[in-house]
Amino acid sequence: MTDKTAHTGKNTGGGDVRLTGISKAYGSFTAVHPLDLTVPQGSFFALLGASGCGKTTTLRMIAGLEDPSTGTIFLGDKDVTDLPPYKRPVNTVFQSYALFPHMDISENIAFGLRRRGIKSVKKQVDDMLELVQLGDKARHKPHQLSGGQQQRVAVARALINHPQVLLLDEPLGALDLKLRRQMQLELKRIQTEVGITFVHVTHDQEEAMTMADQVAVMNGGRVEQLGAPADLYENPQTTFVANFLGTSNLIEAEVLETGSDVVVTAGGGKLRVPGDRCTSAVRQGGKVLVGVRPEKISLAHADDAGSIADGRNRVTGRIVDSSFIGVSTQYVVNSPAGAELQVYEQNIERDARLRPGAEVVLHWNPAHTFGLDAAQDIDAGVETVEDAG
Amino acid sequence: MSTTTLTKKEGAAPVEEPVLRKPSTRKRLVPYWLLLPGIIWLLVFFALPLVYQASTSVQTGSLEQGFQVTWHFQTYWDAFTEYWPQFVRSLLYAGTATLLCLLLGYPLAYLIAFKAGRWRNLLLVLVIAPFFTSFLIRTLAWKTILADDSLVVDVLNALHVLDVTSWLGWTEGERVLATPMAVVCGLTYNFLPFMILPLYTSLERIDGRLHEAAQDLYASPATTFRKVTFPLSMPGVVSGTLLTFIPASGDYVNAELLGSTDTKMVGNVIQSQFLRVLDYPTAAALSFILMAIVLVMVTVYIRRAGTEDLV
């Protein structure tokens, strides 16, 4: 490890994974459009998208299991594009785990070391079993283990080789929700402990946000947006990202004036959007989409409209639905500005008047508003979230 | 049982218990009913003849005076000492044919399972296509294929292959027919499908992602085959070799049609003892000796191959 870092340290590329102009086409179908991506060394990087968005294909190209149609793949300063998978310093945790059924757990974990001609593997295998907390299962066969245990074996089998990059292909997809949450923390712990670059493919936006340092949101074979989870969430650049990561209220609006603040009109009311939170198309005027996250919005009964502080964005409407979630209450509000706006209110002091049918005012800090180009599908990424459950 | 009597005494209260039991007894019997036809078949056509054979093997007498059970176990020893070369030859021919079947069949089964794509079903049909013709006719066809003036023999001669095989004792001079090689060729040809089909079944079951996992873990394609594919296909290898070796070791048609008096297998001896010499006790004893040898070999083989350990 140390000599590897020292060696690559001289180079500008470091130990990063760099994809330049990588694409993959199957006949006339393009699974991945030419994309450039840099995964910083030691980071936890997530490729997030719905099924069929090209995220797994991208991962398999890094692993060498898929030949890219164009482009090059660098690991550090080394071009590995033409290397077969068994010559790449990269290991994969497969979605189905793909444990060897005819070998016991310790043989499975030792497989990679043995293939590289390392004879005394016992110590390393034991350490690895310890890391994934399966010390007592060394002599079991994979089918004797539960899904979560198999998943940890798959991680151990890959990690023991100290790969430059660990690739995880929806490794938690087959687990039930509770176990998945547990394994997310586990994986994050392991990654922090070993410091290896993780590239994690998932369709679960919550998983990507809780685990990753950086997330690339993919859609239709392209990277829609790349950034830290909080950045992606707060500053989506496209409607797909706004809808796919969490929930967004998107309102169609017309630009009135531009400046440090953009002022727009929607459903008869005026809204202010910080200029630096607008995509370039918005600043040129015309039609735009104004977005705000449901939890940023406060709800006031129409009778209390006067007590709302000045300078906040306001939208009037009528509650059509409310559901009590425990930690919060979710309201659906119809307004002249847009139908079915979502509002999440924390259950601190519940206003008994906020019931379906009540006239309300939605108000929020203009700083939490973002502006998007109107020339895109306002519902992009909405259904896919529901599909993924 | 005690619960049933109790419920009856107590009256109506837990009625559901007998109601629940009735279908369960019937259900428990279902497997036995399903087994029945097979058991009857085995009893009538396997167990009973076997007992009859066993009794024949310890009888003495002659065709004219009739045979009596005299517990004459000497027959076994006599049969074995007289015909042991045929036993050795049978096992040798069957073993060679099995090995050849494995060498020919494995690549083909591998191709059909992993590389054939949409041709898979067609290839499988072709594998069993020979069964549309009778076993005898196919074996007779090999008489033509291996005839002295046939193309195959001419080519083998021209390539001096027959010089080598003759030196090894597999063929004689410029002939192939009526030599050990002809018999082994016939056996290999006739039993090849019995090797390919189980091999295909076990190869086809292997998850392709295991190959990817192995390659991802630094195994070259050759190592992947050695460490993953082949071990996982062991159930197919074992059942394929058994389905080939067992019938081949008792076969007499190939030796009869393609061989000579020097290539007689134990099957030929049994056949002639039964049908020509009419020495039934010796024929029955030979059958039992062959069965015992094969049984022991198969048991040892399965133990060594360790298939019970495979998933």
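For chain B, an unreviewed UniProt entry lists "transmembrane region" at residues 30–52, 91–114, 121–141, 177–200 and 283–302, where positions follow the numbering used here, feature names are shortened and annotations may be inferred rather than shown by experiment. The model is predicted, so that local features need pLDDT of at least 70 and side-chain atom pairs count only at pLDDT 80 or more, while totals for chains, interfaces and linings use all residues. Residues are numbered from 1 along each chain as its sequence is written, and chains are lettered from A and ligands numbered from 1 in the order in which they are written.

Residues 91–114 of chain B are 100% helix and 0% strand, with end C-alpha atoms 33 Å apart; helices (H or I, at least four residues) and strands (E, at least two) are DSSP runs, numbered from the N terminus.

## Contact between the chains

Chain B contributes 17 residues and chain A 18 residues to the contact, which is counted where C-beta atoms, placed from the backbone, lie within 7 Å. On the side of chain B, helix H9 (208–216) and helix H10 (221–232) each give two or more residues, and H9(B) gives the most, with six.

## A sheet in chain A

Chain A holds an open sheet of six strands in the order E6-E7-E8-E3-E9-E10, with mixed pairing, where two strands pair if DSSP finds at least two bridges between them. Strand E6 (90–93) and strand E10 (222–227) of chain A are the edge strands, each pairing on one side only. Strand E3 (residues 44–48) and strand E8 (residues 197–202) of chain A pair in the parallel sense over five bridges, and A:Ala46 has A:His200 in E8(A) as its bridge partner.

Notes. Two residues are in contact if their C-beta atoms, placed from the backbone, lie within 7 Å.
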